[in-house]
Amino acid sequence: MELRPYLRKAQFYETDGMGVVYHGNYIHWMEEARTDFLDQLGWGYERAVAAGIDFAVTDVFCKYRSMTRFGETVAIHLRVERLSPAKLTLSYRMVDAATGVLRAEGTSGHFFYDRKKDKPVALKRVLPEVYALFEEMLRQRPET
């Protein structure tokens with residue numbers, strides 16, 4: 001399965017006093033891209049939550065490379081970097097959709113959490129079909 005990038009047009013309210021997108025918004029865009037990623041896999045976030053599983057964030061990192069301004073569209077390319085039965089690491093490359101200029105890149109770490117039991121869980125055991133989708137994305141990722 002080939003993922004399409006998540007497209008995000010920068011809004012005026014997301015800019016700062018310098019007229020560029022405020023740095024904290026890139027983290028929000030990464031979250032939007034994660035939700036879109038799950039939708040593209042056919043297992044939307046709401047479906048996981050309905051099954052009692054959450055993808056809790058353990059860490060987020062973002063390195064800013066160039067400015068994004070109001071009205072520009074950023075293409076966010078997401079890929080699975082690491083996967084274990086209990087954890088997932090995703091990476092993000094945010095590029096200007098028109099020019100291909102790198103705007104930012106980052107990662108997010110997650111653990112799988114059982115909402116009913118209020119504790120971490122092995123996704124491979126409780127939702128093996130979702131784990132298999134992540135495994136497929138890990139195998140298909142392009143080498144850098």
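The following legends describe close-up views of a predicted model. Local features are given at pLDDT of at least 70, side-chain atom pairs count only at pLDDT 80 or more, and totals for chains, interfaces and linings use all residues. Residues are numbered from 1 along each chain as its sequence is written, and side-chain values use heavy atoms, with hydrogens and water left out.

**View 1. Helix 1 and helix 4 cross at roughly 105°.** Helices (H or I, at least four residues) and strands (E, at least two) are DSSP runs, numbered from the N terminus. The axes of helix 1 (residues 24–41) and helix 4 (residues 128–140) come within 11 Å. Axes are lines fitted to C-alpha atoms, for helices over the stretch in contact, and angles run from 0 to 180 degrees between N-to-C directions. The two helices are therefore roughly perpendicular to each other (65 to 115 degrees; under 35 counts as roughly parallel, over 145 as roughly antiparallel and the rest as oblique). Helix 1 contributes F37, L38 and L41 to the contact, and helix 4 contributes L133, F134 and M137. Contact means heavy atoms within 4.5 Å.

**View 2. D36 is a buried residue of helix 1.** Its relative accessible area is 14%. Buried means under 20% relative accessible area, exposed over 50%, and partly exposed in between (1.4 Å probe, protein chains only). Apart from neighbours within four places in sequence, D36 is in contact with R4 and Y6.

**View 3. D96 is buried in strand 4.** This strand spans residues 87–96, and D96 has a relative accessible area of 6%. When neighbours within four places in sequence are set aside, the contacts of D96 are E72, T73, V101 and R103.

**View 4. I27, V57, V60 and Y64 form a nonpolar patch on the surface.** Together these residues have about 300 Å² of accessible area, from the Shrake-Rupley method with a 1.4 Å probe, where for residues only the protein chains shown count as cover. Patches are made of residues with over 30% relative accessible area and no salt bridge; like charges are joined within 9 Å, and nonpolar side chains (Val, Leu, Ile, Met, Phe, Trp, Tyr) within 5 Å. A salt bridge is a side-chain nitrogen of Lys or Arg within 4 Å of a carboxyl oxygen of Asp or Glu. Strand 2 (residues 53–64) supplies the largest share of the patch, three residues. V60 lies in this strand and is partly exposed, at 38% relative accessible area.

**View 5. D118 has a positive phi of about 60° although it is not a glycine.** D118 belongs to the loop between strand 5 (102–114) and strand 6 (119–120). D118 is exposed, with a relative accessible area of 55%.
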